[in-house]
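This report describes selected features of a structural model.

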Amino acid sequence: MSFFLLITRNVWSKKARSIGLTFAVAFAVLTVVTLGVTSSGLEQSAAAIISVGKADFTVVQKDVSDTLASTIDTQQLAGLRHTPGVTSAVGVLVEIEHINADNPVFIEIGISPGDFAGFGVRVVAGSAYAPTAAHEVMLGWRAAANLGLHVGSRFDANGTWNTVTGIYSTGNAFGDAGAMFPLPAIQGYNRVPGIVTLAFVKVAPGTSVAAVTRRVAFAQPVLTTIRTAAQFGRADRDLIYLQAAVTGSTVLAILIGAVIVGNTMLLSLFERTHEFGLMRAVGWTRRRMVALLLGESLLLALMGAALGVALSFAVAAGLAHLPALKGVLHPNFTEDVFWRALYTALGMTLIGALYPTIRAALLSPLKALSYE
Amino acid sequence: MSESIDRQLAIDVKGVTRVFPGRVTALAGLDLNVRYGEMVAITGPSGCGKSTLLNILAAIDSPTSGSVIVAGHDLAHIHDLSGYRRHEVGLVFQLHNLLPQLSTLSNVELPMFGCGWSAHQRRTRALELLAEVDLSGCEQRLPTELSGGERQRVAIARALANEPKILLADEPTGSLDSASTARFLDLLKRLESGGMTIVMVTHAPDVAANAQRVIEMRDGTVVNESVAK
Ligand SMILES: Nc1ncnc2c1ncn2[C@@H]1O[C@H](COP(=O)(O)OP(=O)(O)OP(=O)(O)O)[C@@H](O)[C@H]1O
Ligand SMILES: [Mg+2]
């Protein structure tokens with residue numbers, strides 16, 4: 001029998017303990033992984049608005065709780081356009097509207113048709129709306145499919161009726177699941193004339209983007225620039241709170257898990273005292289005892305990690321189908337998530353198993369053998 | 001110190017005391033010599049210190065005072081206790097000898113971990129040992145699927161795993177019926193004729209009668225010795 005087989009035998013034979021520990025580890029992993037994938041999914045969905053515009057960087061108002069609460073006025077936009085190195089600054093208004101139960105967070109973008117090219121918008125059916133038209137709308141192809149609408153259909157949104165003039169594609173899932181309106185019209189519907197949410201900025205070829213963002217920050221301190229999705233997370237205060245909550249819950253899950261593992265191992269140690277005494281009496285070294293017990297813990301950690309990840313797939317899929325989160329939450333299972341699952345499982349198991357393992361190794365064989 | 005080691009003696013115990021916490025004197029200045037190849041039975045009333053003596057010989061307990069030399073090792077100055085337990089002595093208890101979750105074969109392999117052997121070598125050796133104690137065919141059974149007598153024979157196979165010079169058995173037949181006891185004693189005699197040194201604790205006079213020498217203990221010392229055959 002190999003040492004590894006001995007480990008698996010011990011894990012297998014103590015079924016109740018092994019199942020209990022596997023589930024304890026799995027639930028901690030489930031918590032950590034589900035929080036991880038949903039928060040990074042939310043972050044990505046939000047950041048997707050930014051990647052809709054194919055810009056060198058995006059400008060939003062500084063210190064807003066939610067990026068969509070950002071307001072940039074005409075003067076600020078003009079200031080951006082006149083910043084040295086900037087070739088264009090496209091202002092767009094972004095709104096979220098509850099269309100119906102199936103589309104609780106429908107994204108609406110106010111944008112001038114002249115900015116379509118720079119924004120990566122292709123008209124795939126019908127035609128673009130006129131720059132200042134009222135009651136006209138273009139639907140992303142995903143939105144059109146979801147809503148069952150075509151060119152010429154009527155689409156009620158922003159408290160009014162609109163005619164679908166065309167269908168567009170941006171190549172971005174989030175953008176394609178929304179609608180676009182002439183900028184002045186949507187500003188009017190929302191009673192924010194001249195206001196945009198975000199500005200997508202392009203810099204002249206050969207110009208340093210970093211230098212231009214520094215110039216913007218200096219000239220307009222109330223604005224902030226975002227170059228990557230990760231920076232977006234830092235600009236949006238809701239996402240910062242979300243990340244803090246995720247970190248806190250992760251630490252808590254690991255600690256609670258470690259306590260459960262430690263407690264179970266300690267109980268199992270009392271149960272196995274005679275066994276350990278026997279092994280020491282037939283010549284097992286302390287080091288070998290530690291290797292055996294840590295090996296058992298490691299195996300349980302791996303089983304728990306695997307189960308936890310499997311469960312989190314199910315839970316994340318379930319969450320994504322909740323009416324309130326429909327279309328917003330795209331669980332994001334990256335490689336990173338699996339490493340996190342592994343670290344969580346190994347971390348909590350090793351922390352929990354350390355003390356019982358050391359105690360078992362330090363048992364006096366005589367006392368252990370006479371233990372009933 | 002090495003001059004004082006008598007190379008003829010497998011076990012050389014001088015003036016050993018063992019006082020447990022609470023001032024329980026289990027051994028009170030005990031002397032004992034066992035020659036290589038000898039089979040010795042230790043008898044005496046309950047609580048006279050038989051198990052304590054055996055545990056000290058097996059190096060799972062240590063004396064409060066006195067000297068214990070086993071197979072040339074002064075147990076007070078031994079560096080590798082685990083190595084001593086693994087290679088020099090084999091241990092058989094009255095009960096709970098085997099790990100319940102492991103097969104007969106794996107139980108016999110247990111002391112071979114740490115000897116630098118491959119899994120295959122361990123298996124081969126364990127199969128040999130099981131054949132030696134007439135248990136071929138029972139390799140994959142769990143201890144609960146064996147009779148008491150079979151279990152004790154597995155315990156002997158395990159005790160012999162690393163070819164120790166000395167076999168220590170603490171009431172190995174205490175839980176066996178007469179047929180199983182007879183079979184167990186046959187095995188011991190076969191080992192004895194192969195040159196094994198055997199120290200066996202027993203309550204039963206008919207079991208003790210199989211030894212070359214019977215040592216009677218009382219209150220932690222040897223009170224009588226008789227040659228049985
Ligand atoms: N760990 C211990 N702590 C305190 N006292 C002990 C301990 N182990 C044994 N004793 C005491 O030491 C004495 C000798 O015990 P030991 O087990 O050696 O007797 P024994 O001759 O084997 O008896 P039995 O025939 O019942 O097995 C007894 O009085 C016992 O109570
Ligand atoms: Mg006893």
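Which residues touch the most other members of the largest nonpolar core? In this predicted model, the core comprises 77 residues, and those with the most contacts to other members are Trp284(A), Ile11(B), Leu57(B), Val70(B) and Leu168(B). Helix H12 of chain A, residues 286-320, supplies the largest share of this core, with 9 residues. A further core of 36 residues lies apart from it and includes Leu130(B), Ile156(B), Ala159(B) and Val214(B). In soluble globular proteins, nonpolar side chains tend to be buried together.

Val70(B) illustrates the packing. Beyond the residues up to four places away in sequence, Val70(B) touches Ala10(B), Ile11(B), Leu57(B), Leu75(B), Tyr84(B), Val89(B) and Ile166(B).

**Ligand site**

The shell around ligand 1 consists of Phe20(B), Val24(B), Ala26(B), Ser46(B), Gly47(B), Cys48(B), Gly49(B), Lys50(B), Ser51(B), Thr52(B), Glu171(B) and His203(B). By residue class, this shell contains 4 nonpolar, 6 polar and 2 charged residues.

| Residue | Atom in the residue | Distance to an oxygen atom of ligand 1 |
|---|---|---|
| Cys48(B) | polar backbone atom | 3.3 Å |
| Thr52(B) | polar side-chain atom | 2.6 Å |
| His203(B) | side-chain N or O atom | 3.1 Å |

On its own, ligand 1 has 640 Å² of accessible area, of which the protein covers 61%. Two elements of chain B, strand E2 (24-35) and helix H1 (50-57), each give two or more residues to the shell. The largest share, 3 residues, comes from H1(B).

Most residues other than glycine have a negative phi. Glu171(B), although not a glycine, has a positive phi of about 45 degrees. Glu171(B) is placed in the loop between strand E7 (166-170) and helix H6 (178-193) of chain B. Is Glu171(B) buried or exposed? Its relative accessible area is 15%, so Glu171(B) is buried.

**Loop residues of chain A**

Asn158(A) is another residue other than glycine with a positive phi, near 55 degrees. Asn158(A) lies in the loop that joins strand E6 (154-157) to strand E7 (160-169) of chain A. Because its relative accessibility is 14%, Asn158(A) counts as buried.

Thr83(A) occupies the loop between helix H3 (74-81) and strand E2 (86-97) of chain A. With a relative accessible area of 9%, Thr83(A) is buried. A polar atom of the Thr83(A) side chain lies 3.0 Å from the backbone oxygen of Gly79(A). Apart from neighbours within four places in sequence, Thr83(A) is in contact with Arg215(A) and Val216(A).

**A partly exposed helix residue of chain B**

Leu127(B) belongs to helix H4 of chain B, which spans residues 119-132. Why does Leu127(B) count as partly exposed? The relative accessibility of Leu127(B) is 30%, and the partly exposed class lies between the buried limit of under 20% and the exposed limit of over 50%. When residues up to four places away in sequence are not counted, Leu127(B) touches Leu105(B) and Glu139(B). Gln140(B) is 13 residues from Leu127(B) along the chain, and the C-alpha atoms of the two are separated by 11 Å.

Notes: Residues are numbered from 1 along each chain as its sequence is written. Chains are lettered from A and ligands numbered from 1 in the order in which they are written. This is a predicted model: local features need pLDDT of at least 70, side-chain atom pairs count only at pLDDT 80 or more; totals for chains, interfaces and linings use all residues. Side-chain values use heavy atoms; hydrogens and water are left out. Helices (H or I, at least four residues) and strands (E, at least two) are DSSP runs, numbered from the N terminus. Buried means under 20% relative accessible area, exposed over 50%, partly exposed in between (1.4 Å probe, protein chains only). Contact means heavy atoms within 4.5 Å. A residue is near a molecule or strand if one of its heavy atoms lies within 4 Å of it. A polar contact is a pair of N or O atoms within 3.5 Å; within protein, one must be able to donate a hydrogen and the other to accept it, and residues adjacent in sequence count only if both atoms are side-chain atoms. Accessible areas come from the Shrake-Rupley method with a 1.4 Å probe; for residues, only the protein chains shown count as cover. Ala, Val, Leu, Ile, Met, Phe, Trp, Tyr, Cys and Pro count as nonpolar, Asp, Glu, Lys and Arg as charged, and the others, Gly among them, as polar. A nonpolar core is a set of buried Ala, Val, Leu, Ile, Met, Phe, Trp, Tyr and Cys residues joined through side-chain atoms within 4.5 Å.
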